[in-house]
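Hi,

Here is the structure I promised to pass on.

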Amino acid sequence: MKKCVFAGTFDPPTSGHRAVVDTCLKIFDEVVVAVMVNTKKSPLLSEEQRKILLEKLFCGNPAVKVVIFEGAAVDLLKQENTVFYVRGVRSGIDFEYETADYYASKKLMPGLVELYIPAEQDKIQVSSTLVKNSIKFKKQLFDYVPEEIESDFLAMLEEKNV
């Protein structure tokens with residue numbers, strides 16, 4: 001069985017994130033979607049809220065496992081017993097950042113295999129930051145947040161008085 005890890009902040013999960021997981025499901029038997037704890041960021045949603053949204057987004061698909069993880073991605077890969085680390089890329093800037101991170105991670109885990117999944121053309125501009133800015137300026141979310149979780153996401157924001 002082939003398994004990969006797709007890790008990120010997912011604050012909030014976007015249609016771009018869903019597209020990456022959908023592509024992974026064409027390649028792998030199992031996709032571990034990891035909500036990473038990043039103490040350097042000030043997330044809009046808690047890790048648990050992001051996990052709930054991701055679990056709803058993938059509707060209990062047995063091939064998708066959603067976890068919360070604090071630590072280095074290579075430690076998560078070892079814990080999940082896989083060498084396949086998937087990164088979504090939207091631009092050359094994403095590619096450069098992910099490649100620098102790859103070389104650092106490869107020193108910690110020599111068997112690491114990193115796969116870059118390019119964003120679909122209609123998803124290149126989709127990012128969690130764009131979603132947060134849309135909320136801040138009270139603009140429509142369009143299809144940036146998947147329809148399956150949009151109402152839950154908005155309810156979570158309302159609870160936080162955002």
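Which elements do the buried residues of α2 pack against? They pack against α1 (15-27), β2 (30-36), β3 (64-69) and α6 (147-159), with contact meaning heavy atoms within 4.5 Å. The residues in question are Gln 49, Arg 50, Lys 51, Leu 53, Leu 54 and Leu 57, in a helix that covers residues 47-57. Buried here is under 20% relative accessible area, exposed is over 50%, and partly exposed is in between (1.4 Å probe, protein chains only). Helices (H or I, at least four residues) and strands (E, at least two) are DSSP runs, numbered from the N terminus.

Before you go further: this is a predicted model, so local features need pLDDT of at least 70 and side-chain atom pairs count only at pLDDT 80 or more, while totals for chains, interfaces and linings use all residues. Residues are numbered from 1 along each chain as its sequence is written, and side-chain values use heavy atoms, with hydrogens and water left out.

The overall picture: six helices and five strands, running β-α-β-α-β-α-β-α-β-α-α along the sequence. The radius of gyration is 15 Å, which agrees with the value near 15 Å for a compact globule of 162 residues (taken over C-alpha atoms; the globule rule is 2.2 Å times the number of residues to the power 0.38). Buried residues make up 46% of the 162. Of the contacts between residues at least 6 apart in sequence, 73% join residues at least 24 apart.

Most residues other than glycine have a negative phi, and most peptide bonds are trans. The loop between β1 and α1 holds both Phe 10 and Pro 12. Phe 10 has a positive phi of about 55 degrees without being a glycine, and is buried at a relative accessible area of 2%. The peptide bond from Asp 11 to Pro 12 is cis, with omega near 0 degrees. Another positive phi, of about 45 degrees, belongs to Cys 59, in the loop between α2 and β3.

What about the cysteines? There are zero disulfides (a pair of cysteine sulfur atoms within 2.5 Å). The sulfur of Cys 24 is 4.0 Å from its closest cysteine sulfur, in Cys 4, and that is too far for a bond. Cys 24 is buried, with a relative accessible area of 0%. For Cys 59, the nearest cysteine sulfur is that of Cys 24, 17 Å away; Cys 59 itself counts as exposed at 62% relative accessibility.

Finally, the largest pocket has a volume of about 1,100 Å³. On a 1 Å grid over the protein atoms alone, a pocket is an open set of points where a 1.4 Å probe fits, with protein on both sides within 12 Å along at least five of seven lines; lining residues have an atom within 4 Å of a point. Points are joined across faces, edges and corners, and the volume is the space filled by probe spheres set on them. There are 43 lining residues, with Ala 7, Gly 8, Thr 9, Arg 87 and Glu 98 nearest the centre. The largest share, eight residues, comes from α4. By type, the lining divides into 20 nonpolar, 13 polar and 10 charged residues (Ala, Val, Leu, Ile, Met, Phe, Trp, Tyr, Cys and Pro count as nonpolar, Asp, Glu, Lys and Arg as charged, and the others, Gly among them, as polar).

Cheers
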